Amino acid sequence: MSQFKTLLRNLGPGLLFASMAIGTSHLVLSTKAGAQYGWLMVIPILLANLLKYPFFEFGIRYTNVTNKSLIEGYLNRGKGYLWLYALITLVTTFTILAALYVVTSGLFINLFDIKADLIHYVALGLFVFISILLIVGRYKFLEVSLKFVVSILFIALIVTTALVVFNGKVSPVSDFSPPPIFNEVGILFLIGLVGWMPTAVEASSWVSLWSIEKLKVTGKKLSLKEALQEFNTGYIMTALFAVFFLIIGWMTLYGTNTEISGNAAIFADQLVTLFTANIGAWAYIFIAVAAFATMFSTCMTAHDAVARVSIDIIELLFLKDKKYNKKLYFSIGVIVLAIINFIVIAAFGANMGQLVALATFISFVLAPVIGYMNLKNVMSDDLPEAYKPQAGLRILTYIGIVFLSLFAVYYCVMIFK
């Protein structure tokens, strides 16, 4: 019991990782995977979580041992590494945040029965509100609020999944024909699913920066074993959530020829209906609030992380030996990100499909590159030999890099042939 209390008290970066990951990849892609392709899609979901695990684990390992972020490690490997990561961050920033805010705006519109054509104004309001929360509340507010939100969602998902399984699978329509997975459409969906499951690999540096921030807030340094235990708890939670959403999509939609909409407002209604159809109309408001709170917390964590990463990159590249107000720069970063991503949403409209497709493609293609950079960090002289990953974890890393590289090359061949 005392170990469990210690784990709860230590929850921080792993919890933020779980909250950030349980966003588009779970609510949209896992649900859609089950709805369109059935239970077999649990294989790529679990495979993606397994093969990407070392990339994220290295973020915790490197920071805990060296007290430096992964981004500082990239600079130690050479300035070219840091410039490459800066380019990746620049490209993905405009797609990931915009996609998250579009989905969240759709859930808000569904929750309060607002006209769908007002989604831009809802997104603007969310950008303003979340920016204020991040600037005023900062890391401590994130951690405390997310312990509550993730706990509520976990309970809601367990109950809903159990009820869905108890009620049994929906009867397929008479003319239903299972869609092929290994055609062009299926492969493209697989790439999107694996690319953003559990989340983008570049988020490994986000976890690293949250670890540093938690140390600043608490003043207590965890042992490597404690830090990895905390992170593993959050990581396992993200995998379970993905499977739960897959089961719900499979049991309630697979075989009905129902197409998951690319429109944020329509998708939000489909999603909440999935839950309430198996619990009852009385639960609609509770499920809608839980779904919105999930995406809201995802927006907060991703917005916070991208702002921290951007400031860290700018500091290391341009402000290394200069004094500056880091809190002020963080605030400016949060506001600039809000403005840029609102412009992206205004340009793309409410069609989140294009945003998600672009963001998942970039994340997937660049995942093996970042994975290799993270491996170089933890195998460098920055870490004493005793703290470097053991052979099993290194082998899993190489397998993940090769697998994701081959898949990415195949995808590029399909696109540019």
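Asn67 lies in the loop between α4 (42-66) and α5 (70-77); helices (H or I, at least four residues) and strands (E, at least two) are DSSP runs, numbered from the N terminus. The phi angle of Asn67 is near 60°, a positive value in a residue other than glycine. Asn67 is partly exposed, with a relative accessible area of 44%; buried means under 20% relative accessible area, exposed over 50%, and partly exposed in between (1.4 Å probe, protein chains only). The model is predicted: local features need pLDDT of at least 70, side-chain atom pairs count only at pLDDT 80 or more, and totals for chains, interfaces and linings use all residues. Residues are numbered from 1 along each chain as its sequence is written, and side-chain values use heavy atoms, with hydrogens and water left out.

The secondary structure of the protein chain consists of 15 helices and 0 strands. Of the 417 residues in the protein chain, 57% are buried. Among contacts (heavy atoms within 4.5 Å) with a separation of 6 or more, 87% join residues 24 or more positions apart.

Two packed helices are described by the angle between their axes and the distance between the axes. Axes are lines fitted to C-alpha atoms, for helices over the stretch in contact, and angles run from 0 to 180 degrees between N-to-C directions. Helix α6 (residues 79-112) packs against helix α7 (residues 119-167) at an angle of about 110°, with the axes 9 Å apart. That makes α6 roughly perpendicular to α7; angles under 35 degrees count as roughly parallel, over 145 as roughly antiparallel, 65 to 115 as roughly perpendicular and the rest as oblique. The crossing of α6 and α7 is right-handed, a crossing being left-handed if the near helix is turned anticlockwise from the far one by less than a right angle, and right-handed if clockwise. From α6, Tyr101, Val102, Thr104, Ser105, Gly106, Phe108 and Ile109 meet Ile119, Val122, Ala123, Leu126, Phe127 and Ile130 of α7. The residues of this contact comprise 10 nonpolar, 3 polar and no charged; Ala, Val, Leu, Ile, Met, Phe, Trp, Tyr, Cys and Pro count as nonpolar, Asp, Glu, Lys and Arg as charged, and the others, Gly among them, as polar.

Phe127 is also one of the residues in contact with Asn341, along with Thr93, Phe94, Thr95, Leu97 and Ala98, when neighbours of Asn341 within four places in sequence are left aside. Asn341 is in helix α13 (residues 326-348) and counts as buried, at 0% relative accessibility.

The axes of helix α2 (residues 13-21) and helix α9 (residues 204-218) come within 9 Å and cross at roughly 140°. The two helices are therefore oblique to each other, and the crossing of α2 and α9 is right-handed. Pro13, Leu16, Phe17 and Met20 of α2 make the contact with Trp206, Val207, Trp210, Ser211 and Lys214 of α9. In this contact of α2 with α9, 7 residues are nonpolar, 1 is polar and 1 is charged.

In α9, 11 of the 15 residues are buried, so α9 is largely enclosed by the rest of the structure. The buried residues include Trp206, Trp210, Glu213 and Lys214. Just after α9, Gly219 takes a positive phi of about 75°. Helix α10 (residues 224-253) is likewise largely enclosed by the rest of the structure, because 21 of its 30 residues are buried. Just after α10, Gly255 has a positive phi of about 95°.
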